[in-house]
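Hi,

Here is the structure I promised to pass on.

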Amino acid sequence: MKYYLIAGERSGDFHAARLMGALKQHDARAEFRCWGGDMMEEAGGTMVHHYQEMAIMGFLEAATAVFKFRRFLKECEQDLLAHKPDVLILVDYAGFNLRVAKFAKAHGIKVFYYISPKIWAWNQGRVHKIKALVDKMFVILPFEREFYQRFGYDVDYIGNPTADAVHEHPVTDDFHQRNGFDPQRPIIAVLPGSRKQEIEEMLFEMLRILPPFLDYQFVVAGVSNLDPGYYRHFERINVRIVTDQTYDLLRHAKAAVVTSGTATLETALFDVPQVVCYRTSAVSYQLAKSFIKVKYISLVNLIAGREVVKELIQGDFTARNLVTELHRVLDDEKYIAEVKAGYAEIREKLGRTNAADKAAELMVGYLNN
């Protein structure tokens, strides 16, 4: 069968690539055409556009990029008609993907959604559009199935692919040696995100906290989809950059400073105490506040249903506050134990399944029926 996949960011690229590998196991004749990233291409996808070309951050930024999005949308529509896939598989990235879903549905193309957009966080009315446009929804957070059921929409909970990836990641003992780190000094992991706009908004503030922590090594998780030279202006004494080694970094970190997103869950699954940070433009933040329907922004707290980790958002994200919270996750043994107990609850809620394989098996079954 012919599969057409769209992922709009790095985490979506990662999960879509794993899904593609699983689909090959259940459909030996699978062919893939993609809007995504390097990992989807390595998994055998024919790439139309890389997600970097479409990456933006925030409501205001999205508004100013409207003409670029219209151009991409038109191109995607034309490409869908030209290649006539058996199914369109959308991965998160709601702003673009729901528009493509509408077009696909109107032209008789079956639509699956792998990893639900976070409509439970804001604009919950979109659930009616999803019911109308998406033939099958595959969700990865335990509370999402209940959320959709409130609107009379049955979805498949397949487990969490991030939990699978962490569980499967091989244990290595050469991380310090490979990167030239001092094995005697503990590591503080810094996870600033994977998009330039996001990194520049976060990383300079994150690195203002260095002086009180000279006994530690700060290691920034870089990504290979950005030019290695891009990270040079973030280099400091006592700050190192590693590229595409986030899981190894977390496995060896004592604490972490993390930009809100999938990385907060990854950090929790590696049992690393963390401080979650987020900042966007003032206008985007005020617009977001008027739409947001949930109390927390990190996946850790959302899954737990309570505050497990501290979130420093917008005006609260300052070097002074970050120093205070980082001292807590490094030195306050009672607080560290509470955080790790919360992580244990999250792992129990997520359960253990091979999410990509389960999704692939269901998808192929639905397509053959």
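Predicted model: local features only at pLDDT ≥ 70, side-chain atom pairs only at ≥ 80, totals over all residues.

The side chain of Glu338 forms a salt bridge with that of Lys334, at 2.8 Å from N to O. Both residues belong to helix α16 (residues 333-350), sitting 4 residues apart, or about one turn of the helix. Lys334 is exposed, at 61% relative accessible area.

That pair is local, but what about Asp244 and Arg10? Their side chains also meet in a salt bridge, again with 2.8 Å from N to O. Asp244 is in the loop between β10 (239-243) and α11 (246-252) while Arg10 is in helix α1, so this contact ties together parts 234 residues apart in sequence. Asp244 is partly exposed at 39%, whereas Arg10 is buried at 19%, the cut-off for buried being under 20%.

Two other bits on charges: Asp174, Arg178 and Asp248 are linked in a salt-bridge network, and the whole structure has 14 salt bridges.

Now the sheet. It is open, with 7 strands in the order β3-β2-β1-β4-β5-β6-β7 and parallel pairing. β3 (46-50) and β7 (156-157) are the edge strands, each with a single partner, so one side of each has no neighbour in the sheet. Strands β1 (residues 2-7) and β4 (residues 87-91) run parallel and are joined by 5 bridges; Tyr3 has Val87 in β4 as its bridge partner. Helix α1 (residues 10-26) lies across β1, β2, β4 and β5, at about 165° to β1.

Cheers

Technical notes. Residues numbered from 1 in each chain as written. Heavy atoms only, no water. Pairing = 2+ DSSP bridges. Helix = DSSP H or I, 4+ residues; strand = E, 2+ residues; numbered from the N terminus. Contact = heavy atoms within 4.5 Å. Axes fitted to C-alpha atoms, helices over the stretch in contact; angles between N-to-C directions. Salt bridge = Lys/Arg side-chain N within 4 Å of Asp/Glu carboxyl O. Buried < 20%, exposed > 50% of the residue type's maximum accessible area, 1.4 Å probe, protein only.
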